[in-house]
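Please keep the sequence and the structure open while reading.

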Amino acid sequence: MSSAGAVASALNWLNLSTPCALLLARARGCTLSPGPGGIIIAEGWTGRLPIAGAFTVGSVVFLRGPRSRAGTALLAHEARHSLQYAACLGLPFLPLYFAAAAWSVLRTGDPASLNPFERHAGLADGGYRQRPVRSLRSAAAAVIRRR
């Protein structure tokens with residue numbers, strides 16, 4: 001385990017994001033196993049949200065499918081999110097992430113393209129494509145059309 005991974009893992013235990021994630025994994029019947037970079041893999045997520053095939057809470061990476069389908073790049077991407085949880089002092093990461101995703105949707109129509117958390121974790125590693133930035137006028141028109 002890298003020293004950054006070890007520090008993030010310890011901080012995510014202290015800030016209670018990892019214990020909360022483990023409770024969530026247990027409640028949903030996920031299978032737990034150690035992963036690279038200090039993360040814990042929780043296989044078998046069946047919740048309706050989030051729509052993603054993988055997501056992270058603290059140092060726990062939830063996978064919809066089996067671990068064998070999660071590539072090295074995806075696990076590295078999710079491990080970077082665990083570092084972000086530590087930097088944000090745990091669960092405050094969530095509203096910050098959702099605000100960044102909303103801004104990205106407004107400007108690109110995609111929750112990842114301009115989301116600094118996803119960009120730092122590596123868009124391609126997370127399975128995202130960079131979408132072009134649209135003007136605020138175009139974004140407002142798109143929102144109005146949807147309503």
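What pattern does the protein follow, read along the sequence?

1. Read along the sequence, the pattern is α-α-β-β-β-β-α-α-α-α. The protein has six helices and four strands; helices (H or I, at least four residues) and strands (E, at least two) are DSSP runs, numbered from the N terminus.

2. This is a predicted model, in which local features need pLDDT of at least 70, side-chain atom pairs count only at pLDDT 80 or more, and totals for chains, interfaces and linings use all residues. Residues are numbered from 1 along each chain as its sequence is written, and side-chain values use heavy atoms, with hydrogens and water left out.

3. Along the principal axes, the C-alpha atoms fill a box of roughly 45 × 30 × 25 Å. Of the 147 residues, 41% are buried (buried is under 20% relative accessible area, exposed over 50%, partly exposed in between; 1.4 Å probe, protein chains only).

4. The four strands form an open sheet with mixed pairing, in the order E1-E2-E4-E3. Two strands pair if DSSP finds at least two bridges between them. E1 and E3 are the edge strands, each pairing on one side only. From one strand to the next, the twist averages 25 degrees. E1 and E2 pair in the antiparallel sense over four bridges, and Leu-32 stands opposite Ala-42 in E2.

5. Which strands does helix H2 touch? Helix H2 (residues 17–27) packs on the sheet and touches E1, E2, E3 and strand E4 (60–63), with its direction at about 30 degrees to that of E4. Helix H3 (residues 72–87) lies across E2, E3 and E4 and runs at about 25 degrees to E3. Axes are lines fitted to C-alpha atoms, for helices over the stretch in contact, and angles run from 0 to 180 degrees between N-to-C directions; contact means heavy atoms within 4.5 Å.

6. Gly-35 is found in the loop between strand E1 (31–34) and strand E2 (40–43). Gly-35 is partly exposed, because its relative accessible area is 21%. Apart from neighbours within four places in sequence, Gly-35 is in contact with Ile-40, Ile-41 and Arg-67.

7. The structure holds eight aromatic pairs. Rings of Phe, Tyr and Trp (its six-membered ring) pair if their centres lie within 6.5 Å; planes under 30 degrees apart count as stacked, over 60 as edge-to-face and the rest as tilted. Trp-45 and Phe-55 form an edge-to-face pair, 5.2 Å centre to centre with 80 degrees between the planes. Trp-45 is in the loop between E2 and strand E3 (54–57), and Phe-55 is in strand E3, ten residues apart. Trp-45 counts as buried at 8% relative accessibility, as does Phe-55 at 14%.

8. Why is the pair of Tyr-97 and Phe-117 tilted? The ring centres of Tyr-97 and Phe-117 are 6.1 Å apart and their planes are at 40 degrees, so the pair is tilted. Tyr-97 lies in helix H4 (residues 93–108) and Phe-117 in helix H5 (residues 116–121), so the pair ties together parts 20 residues apart in sequence. Tyr-85, Phe-93, Tyr-97, Phe-98 and Phe-117 form one aromatic cluster.
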